Amino acid sequence: MISKNSFKLSIIVPCYNETNTIEKIVSKILKYLKDFEFTDYEIIIVDDFSNDGTREKLKKLDLNDNIKVLFHEKNHGKGGAIQTAINHITGDITIIQDADLEYDPSDYRKLLVPFFETDADVVYGSRFLG
């Protein structure tokens, strides 16, 4: 089991052409982390060569030291963006958060509980494999 008080959370945000949602999702993630008093975290955003203004929005975001933004110089697809982020992870637990608001950061707590209460290695939705 992982202790709630002694782990680092990594959140990967692959994005491609998400100019309408990228600021919203970053704001929601930060609100969730603050509400649940997570202090040891990193957010790794990988822009997969967006061409709709997402890159420019990411460059203008007011980011804290826990947020890294990486830019692909050509499109590699979602899997490529995730792989790029994985190469920069320093946390103990990783969550993949799509930039299109399909998943709600308020659900992170449900995803993390199996790590704290059981000996889960992986959690998919509300299911885990030990």
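Reply: Helices (H or I, at least four residues) and strands (E, at least two) are DSSP runs, numbered from the N terminus. Contact means heavy atoms within 4.5 Å, and buried means under 20% relative accessible area, exposed over 50%, partly exposed in between (1.4 Å probe, protein chains only). What covers the buried residues of helix 1 includes strand 1 (9-15), strand 2 (41-47), helix 2 (54-60), strand 3 (67-71) and helix 4 (108-117). This is a predicted model, in which local features need pLDDT of at least 70 and side-chain atom pairs count only at pLDDT 80 or more, while totals for chains, interfaces and linings use all residues. Residues are numbered from 1 along each chain as its sequence is written, and side-chain values use heavy atoms, with hydrogens and water left out.

Me: What makes the span of helix 1 close to the expected one?

Reply: The expected span of a helix is 1.5 Å times one less than its number of residues. Helix 1 (residues 22-35) has 14 residues and reaches 20 Å from its first C-alpha to its last, close to the 20 Å expected.

Me: Why are the buried residues of helix 1 said to line one face?

Reply: The buried residues are Ile22, Ile25, Val26, Ile29, Tyr32 and Leu33. Seen down the axis of helix 1, they fall within an arc of 130 degrees, so they line one face of the helix. The arc is that of the directions from the helix axis to the C-beta atoms. Exposed residues Lys24, Lys31 and Lys34 are on the face turned away from the buried side.

Me: Why is Gln97 called buried?

Reply: Gln97 has 1% relative accessibility and therefore counts as buried. Gln97 is placed in the loop between strand 4 (93-96) and helix 4. Not counting residues up to four places away in sequence, Gln97 touches residues including Ile11, Val13, Ile25, Ile29 and Tyr108.

Me: Which backbone oxygen does the side chain of Gln97 reach?

Reply: The side chain of Gln97 reaches the backbone oxygen of Tyr103 at 2.9 Å.

Me: What is said of phi in Asn17 and in Glu37?

Reply: Asn17 has a positive phi of about 50 degrees although it is not a glycine. In Glu37, also a residue other than glycine, phi is positive and near 55 degrees.

Terms used. A polar contact is a pair of N or O atoms within 3.5 Å; within protein, one must be able to donate a hydrogen and the other to accept it, and residues adjacent in sequence count only if both atoms are side-chain atoms.
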